Every structure is written in C-alpha cells, then in structure tokens.
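Subject: Structure handover

Hello,

Here is the structure I promised you. Please open it and keep it beside this message while you read.

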Amino acid sequence: MAVLVTGGAGYIGSHTAVALHDAGHEVVIVDNFANSSPRAVDAVRALTGGALSFVEADLLDEAAVRGIFEQHEISEVVHFAAHKAVAESVQEPSRYYRNNLGSLLGVLEAMLEHGVDKLVHSSSCTVYGQPAVLPVAESAPVGAASPYGWTKLMCEQIITDVCAVRPLAAVMLRYFNPVGAHPSATLGEDPNDIPNNLVPLVMQVAGGRRERLAVFGDDYDTADGSGVRDYVHVVDLAEAHVAALEVLAAGHDGAAAVNVGTGSGSSVLEVIEAARRATGRPIPYEIVGRRPGDIAKTWAATDLAREFLGWQAKLDIDDMMRDHWRWHSQNPDGYGR
C-alpha cells in the first residue's frame with residue numbers, strides 16, 4: 001500500500017516524498033507541473049533510489065484522479081496540490097477558488113469511493129488572519145485576509161464536515177512559512193517566473209540576479225517596522241507530515257488542525273541579516289508600500305504539535321538560510337525547466 005502525495009513535485013511535496021520514503025513508506029506522486037518541474041521528480045527519485053511512482057495529471061480532471069486510485073494501491077493521501085501566493089490570489093480569486101477547492105473535492109471523492117480513510121492536508125497559518133493574541137494557538141478565531149487564506153479555511157471546513165459523517169480521519173497541518181532546502185542541494189524552492197515569497201527573492205539578490213529587494217512596509221507594529229513571520233525549515237516541515245501519518249495509523253479519528261512552526265518570529269529585516277550571514281554577500285533593499293492581504297506579525301503556538309504529533313522543529317533561521325543559499329547557489333536557475 002502506498003501514500004499518494006498530490007503536488008509531490010512542488011517545494012514541500014518533494015521534500016515530504018523523500019521523508020516518507022526514508023520512513024519506510026511506498027510513495028506515489030501526482031502533479032501537473034503548473035508550478036513545478038519534472039526535474040524535481042527526477043531529484044526525488046535520485047534521493048530515493050528510484051523507489052516511487054509518478055503520475056502526471058490535473059486533479060481537476062475527475063476521471064484522471066479516479067484512475068490513479070484504480071491503478072495504484074493507495075492507503076493514505078498527503079494533499080498539497082494548490083495555488084499558494086497571497087498577493088496573486090488577491091488579483092485572481094476565482095482561479096484560486098476553482099483550483100484549491102476543486103482539487104481537494106476530487107481527491108476526497110476518489111478516496112471515499114476507494115475506501116481510503118487517512119488524509120494529511122496542507123493548510124496554512126493564513127486561516128488565522130491577523131491574530132489578536134500571539135503566539136497563535138489552534139483554538140484562536142479563524143478568518144482569512146486573502147482569497148488564498150479563505151481557500152485554505154474552506155478546505156479545512158470541507159474536510160471537517162466529511163470526517164463527521166464518513167469513515168475518514170484527517171490531520172490538517174497549518175504551516176507557517178516554509179524556507180530552506182534539502183541538505184543535498186538537489187531539492188529546493190523553484191517558483192515559476194517572479195517568486196512570491198521573501199526568501200527566494202533574498203537569494204536572487206544575494207546571487208546577483210536582482211539588484212535589490214523590495215521590503216513591503218516599515219510601519220507595522222513590530223520591533224523594526226517590517227512584517228514578522230514564523231519561518232520553518234522545509235525538512236522539519238516534511239517530517240511533520242510523517243508524524244501526522246503515524247498518528248492516523250495509530251487510530252486517530254475525526255479531523256484535527258495542528259500548527260507547524262518554530263514558535264518564534266523573524267522580521268523581514270532579520271531574515272535579510274541572516275541571509276547576509278549565510279551568503280557572505282550584501283543584500284541591498286528598499287522600503288516600498290504594504291502589499292494587499294499582508295498581516296503585521298504571526299508566529300505559532302507549538303504545544304499541540306509537540307504533544308499530539310510528537311514533533312517539534314529542530315532547525316533555526318541560520319540553518320534555513322544556509323541550506324536555501326546552498327540550493328540557490330548551486331541551482332541559480334532552479335531546476336532549469
């Protein structure tokens with residue numbers, strides 16, 4: 001029996017596929033390469049000795065999704081496949097709702113039809129909007145500040161409703177801000193076109209691909225005025241998915257939402273400074289206006305992850321910048337589609 005990893009050629013999905021293999025799972029990846037590269041699959045296969053299957057398919061194609069479950073013995077699903085850029089979602093909300101909700105619904109329906117009853121879902125701390133209390137716990141009020149965030153919150157509600165009436169158990173991991181790369185420097189973040197996340201842009205400036213970094217806002221209610229986020233190493237994050245599957249295998253029922261972060265925040269300017277330490281290079285920046293949909297600060301309460309999943313982050317911001325720079329410096333054009 002195998003774990004189906006949807007969006008498994010993506011940044012987090014590819015690292016999780018390797019972690020699942022290393023933990024002894026059979027893995028089947030499905031991806032349509034909308035925001036990923038076939039070379040990521042090649043890299044995962046190289047790290048796993050070729051020990052996984054791959055299907056190229058769009059999860060909005062219901063027949064293709066059913067075909068995956070008919071052709072492979074799937075026992076569990078780790079669902080990543082989603083568009084993920086906050087600012088882009090503000091500009092293209094219908095595209096985000098169609099893809100992020102539709103892909104989940106197609107996978108859920110196929111799971112139920114084929115008796116697959118364990119799901120780990122890629123969610124996001126954006127479901128909290130701007131939290132009133134920090135660190136933000138899973139019991140905090142939810143309510144998103146962008147269409148992307150609303151899609152994640154709606155997906156959580158869909159999963160919770162299905163778990164209440166059907167034989168399905170789920171862990172919904174609310175990621176904070178994944179960064180870093182595999183220590184081999186063969187897997188990393190490779191966004192199409194212009195990156196939407198801070199750290200890839202920082203690395204492009206350090207590598208000379210961009211002249212300077214735009215810092216969106218210096219008037220937030222934070223120590224240095226720039227936005228604060230809880231950054232988590234993608235390798236730690238991948239291990240959280242393995243831990244979630246172990247909890248489901250042990251018989252957890254229903255749907256549970258769990259934060260995945262380090263429990264501390266770093267500002268944009270602090271990330272820039274950590275990147276300077278890691279790269280040994282100057283990273284010029286300029287302050288520009290705030291972006292729509294951004295919030296001032298957030299970081300995770302991590303008690304539930306530690307108690308329920310038996311997981312906690314091991315790597316800090318310097319580890320994240322070091323590994324991300326190693327990946328970027330050895331692969332300045334990403335996977336070079």
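Pro135 sits in the loop between E5 and H6. The peptide bond that leads from Leu134 to Pro135 is cis, with omega near -5°. Most peptide bonds are trans, and most residues other than glycine have a negative phi. The labels come from DSSP runs, numbered from the N terminus: helices (H or I) have at least four residues, strands (E) at least two.

Some ground rules. This is a predicted model, in which local features need pLDDT of at least 70 and side-chain atom pairs count only at pLDDT 80 or more, while totals for chains, interfaces and linings use all residues. Residues are numbered from 1 along each chain as its sequence is written, and side-chain values use heavy atoms, without hydrogens or water.

**Positive phi values**

Phe33 is not a glycine, yet its phi is positive, near 60°. Look for Phe33 in the loop between strand E2 (26-31) and helix H2 (38-47). Phe33 has a relative accessible area of 16%, so it is buried. Buried means under 20% relative accessible area, exposed means over 50%, and partly exposed lies in between (1.4 Å probe, protein chains only).

Ala185 also has a positive phi, near 65°. Ala185 belongs to the loop between strand E7 (177-179) and H7. Its relative accessible area is 3%, so Ala185 is buried.

H1 covers residues 11-22, which makes 12 residues. From first C-alpha to last it reaches 17 Å, close to the 16 Å expected at 1.5 Å a residue. The expected span is 1.5 Å times one less than the number of residues. Is H1 enclosed or open? It is largely enclosed by the rest of the structure, because 10 of its 12 residues are buried. Among them are Tyr11, His15 and Leu20. Gly24 follows H1, with a positive phi near 100°.

Gly7 is in the loop between strand E1 (2-6) and H1. Its relative accessibility is 13%, so Gly7 is buried. Beyond its neighbours within four places in sequence, Gly7 contacts Gly13, Val30, Asp31, Phe80 and Ala81. Contact means heavy atoms within 4.5 Å. Ser36 is 29 residues from Gly7 along the chain, but their C-alpha atoms are separated by 8.5 Å.

**Helix H6**

H6 (residues 147-165) has 19 residues and reaches 27 Å, close to the expected 27 Å. Its buried residues include Tyr148, Leu153 and Val162. What do the buried residues of H6 pack against? They pack against helices H4 (86-91) and H5 (93-113), and strands E5 (118-124), E6 (169-175) and E11 (255-260).

**Helix H7 and its partners**

The axes of H7 (residues 198-206) and H9 (residues 268-279) come within 10 Å and cross at roughly 45°. Axes are lines fitted to C-alpha atoms, for helices over the stretch in contact, and angles run from 0 to 180 degrees between N-to-C directions. H7 and H9 are therefore oblique to each other. Angles under 35 degrees count as roughly parallel, over 145 as roughly antiparallel, 65 to 115 as roughly perpendicular, and the rest as oblique.

H7 also packs with H11 (residues 317-330), at about 60° and with the axes 10 Å apart. This pair is therefore oblique too. From H7, the residues that meet H11 include Pro200 and Gln204; from H11, they include Trp325 and His328.

Best wishes
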